[in-house]
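Here is a short report on how side chains pack in one protein. Look at the structure first, then read on.

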Amino acid sequence: SANAATQRNKEVRVYFWSESASTPANPLGVTSVKRRVNAMTPARGALEALLRGPNASERSRGYLSLSVEELDIGLLSIRNGTARVNFVASRTWPGWPGDMSPGRFKEAVTRTLKQFAGVRRVIVSVNGQAVTSTEQARDDFEVVPRTFVELLRAQRELDRVAFETEVAVDPDGGRVFRLDVE
């Protein structure tokens, strides 16, 4: 029956990357979509959905792959408030496609797992190697632009140059700045 099927499935949030979701509060641009997974193993089901990536409808709305389709869940354990997950990469996986990718992936996995009761901390690894910490990715993301903006303000105050800045996200997830000097 439909009711029995509903009881076997559970709605969860799975996190993907969306350029439009990138804000100062969410610099990695990780945002959620809903998926239905097996209610008996919802954490594993949510991670499997994350690895499959956004569906066609989500891609058309700007959700992007985390470039992890060639990863599989090797180990997933949740004990004493800590979720540990080790992903195993295929031999053909080319690695992370940009500097922000490891931090973005870790953030997506962390947010996906922290929705489950009792998960307070998440440790993420690929082939046994820790994935770059989200905190470090955030620090790198925030410090460089702030320093650059301070330099531009100092130049403006000295009235040495007239400038116009444009900030865009490059395909690898980094920030690109253009300075037009007259």
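Buried means under 20% relative accessible area, exposed over 50%, and partly exposed in between (1.4 Å probe, protein chains only). By that scale W96 is partly exposed, at 28% relative accessible area. W93 counts as buried at 16%.

This is a predicted model: local features need pLDDT of at least 70 and side-chain atom pairs 80 or more, while totals for chains, interfaces and linings use all residues. Residues are numbered from 1 along each chain as its sequence is written, and side-chain values use heavy atoms, leaving out hydrogens and water.

**Ring pairs**

Rings of Phe, Tyr and Trp (its six-membered ring) pair if their centres lie within 6.5 Å; planes under 30 degrees apart are stacked, over 60 edge-to-face, the rest tilted. The count comes to 3 aromatic pairs. Two of them are listed here.

| Pair | Centre to centre | Angle between planes | Type |
|---|---|---|---|
| F87 and F105 | 5.1 Å | 65° | edge-to-face |
| W93 and W96 | 5.0 Å | 85° | edge-to-face |

F87 sits in strand β5 and F105 in helix α4, 18 residues apart. Helices (H or I, at least four residues) and strands (E, at least two) are DSSP runs, numbered from the N terminus. Both F87 and F105 are buried. Ring pairs join F87, W93, W96 and F105 into a cluster.

**The core**

A nonpolar core is a set of buried Ala, Val, Leu, Ile, Met, Phe, Trp, Tyr and Cys residues joined through side-chain atoms within 4.5 Å. The largest one has 37 residues; among those touching the most other members are F87, F105 and V85. Helix α2 gives the largest share, 6 residues.
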